[in-house]
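Me: Got a model open here and want to go through it with you. Can we start with the helices and then do the chain contacts?

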Amino acid sequence: MKVEEKLEELGLVLPEPAQTPPGLELPFAWVRVRGDRAYVSGHIPLNPDGSVAGPLGKVGAEVSEEQGYEAARLVALSMLGDLKRELGDLDRVGAWLRVFGMVNSAPGFDRQPGVINGFSDLILDLYGPEAGDHARSAVGMAELPLGAPVEIEAEVELTGS
Amino acid sequence: MKVEEKLEELGLVLPEPAQTPPGLELPFAWVRVRGDRAYVSGHIPLNPDGSVAGPLGKVGAEVSEEQGYEAARLVALSMLGDLKRELGDLDRVGAWLRVFGMVNSAPGFDRQPGVINGFSDLILDLYGPEAGDHARSAVGMAELPLGAPVEIEAEVELTGS
Amino acid sequence: MKVEEKLEELGLVLPEPAQTPPGLELPFAWVRVRGDRAYVSGHIPLNPDGSVAGPLGKVGAEVSEEQGYEAARLVALSMLGDLKRELGDLDRVGAWLRVFGMVNSAPGFDRQPGVINGFSDLILDLYGPEAGDHARSAVGMAELPLGAPVEIEAEVELTGS
């Protein structure tokens, strides 16, 4: 089954492009394609209309680990939205390679892997164990843009380019 | 126009190689070239003589957002200095791919993208919208070496290799 | 001399696979190979049996800089253990490319490069100055999984694939 059919089956919607906050320019590409590689910029959780999705703040304080997991799942959808707009077809992602998962962490919160699993679990559900597999880090940041609880960047391999 | 002519036109000078602080060895490459890729180590702001450029400290506390923007611009010059020493000609960078922008962030400072724009704006000015485009993250670190306010690493594609 | 002979000569042992803490699933690859690249997930220091190696905590507080250096050296062994299991032969790593060194940093600790040298020094000892050279960042994180003092991810080039 194609990735987009699986998304539909799961009732998941890819968000609109990120709305840039007033007064901020973002002069770079959400997805940078060269040859058979796509480099994916750091993405944060978005609502379907492209606004930043709450709850905001640090995981382990304002945001629970479970809410962090959900936020990481939303980051996967944000990223897939930009990959679809750039590539036309999500099945052009032939292999996930590298996932760098950043958790806005309250002092003493050290369960970043459990949070970033929200991203990995969805990517593996959608792409399966071969294309969806990836190297990963899940680490604790001091702060993230706009107070987002999670930001993730990635590198993927493209097919049929 | 070539990148180095644009630098001259803008009155910008590439710094000397980074001076290593006493008692610290840095046993790695500032730029690692393999095939058509150059992996660029984390760079911090330098003065023209290669000493660490101030102001030092956290953006949002000792360093203002505007000073952080200037620091990120200096990081671009540091990186271009090492790319020129390694490649001989800055036009051998055919495409910027990935920029990972790290901001030494005071508690509550969440405007990392506005800081790292100092890097992106200059790279886009010098390389133009096609070669200069890049995927990017801009995130908040707890600490950076030597108290630098900004550190950036990158990956670029080379031509004519 | 082959890398594994050098390890033996130095009396170094590669640890068993990381033991996952109870209640945590890690649904990703420690090493993701595609073509001539291996993407290596963030690794932390391990004991020979695969349990997390202490001391835990922040470098500059609970963990000294010297202990941080030793922890980074253990991270190199963790990573080599997974590379050997994935590739069969550590000499298949033809070139180290990118090393991203993350130090769990106490407030005010800014000597991350001295810590990550524990990793770089060992890799350069084992692989020599050409294959072992690498681009590197060494930066300060707010928190790391399980309270590890150091986590490092990497990208390497493979030969004979």
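Reply: Fine. This is a predicted model. Start with α3(A): it has 20 residues, but its end C-alpha atoms are only 24 Å apart. A straight helix would reach 28 Å at 1.5 Å a residue.

Me: Where is the kink in α3(A)?

Reply: At D125(A), with an angle of about 80°. The kink lies shortly before the proline P129(A).

Me: And what about α3 in chain B, how far apart are the end C-alpha atoms there?

Reply: Only 24 Å, again for 20 residues, residues 112-131 of chain B. A kink of about 80° lies at D125(B), shortly before P129(B).

Me: OK, contacts. How many residues of chain A are in contact with chain C?

Reply: 24 residues of chain A, against 23 residues of chain C. The elements of chain A that give two or more residues to that side are β3 (93-104), α3 (112-131) and β4 (135-141). So the kinked helix of chain A, with its bend at D125(A), is one of the elements on the side that touches chain C, taking a bend as the angle between axes fitted to the seven residues ending at a residue and the seven starting there.

Me: What's the class make-up of that side of chain A, facing chain C?

Reply: 10 nonpolar, eight polar and six charged residues.

Me: Now the other neighbour. Which elements of chain A touch chain B?

Reply: Those giving two or more residues are β1 (31-34), β2 (37-43) and β5 (150-158) of chain A. The largest share comes from β2(A), with four residues. In total, 23 residues of chain A are in contact with 24 residues of chain B.

Me: And by class, how does the side of chain A that touches chain B divide?

Reply: Into 14 nonpolar, three polar and six charged residues.

Me: Do chains A and C use different surfaces or matching ones?

Reply: Different surfaces: 8% of the contact residues of chain A recur in chain C.

Methods:
Residues numbered from 1 in each chain as written. Chains lettered and ligands numbered in written order. Predicted model: local features only at pLDDT ≥ 70, side-chain atom pairs only at ≥ 80, totals over all residues. Contact = placed C-beta atoms within 7 Å. Nonpolar A, V, L, I, M, F, W, Y, C, P; charged D, E, K, R; others polar. Expected span 1.5 Å × (residues − 1).
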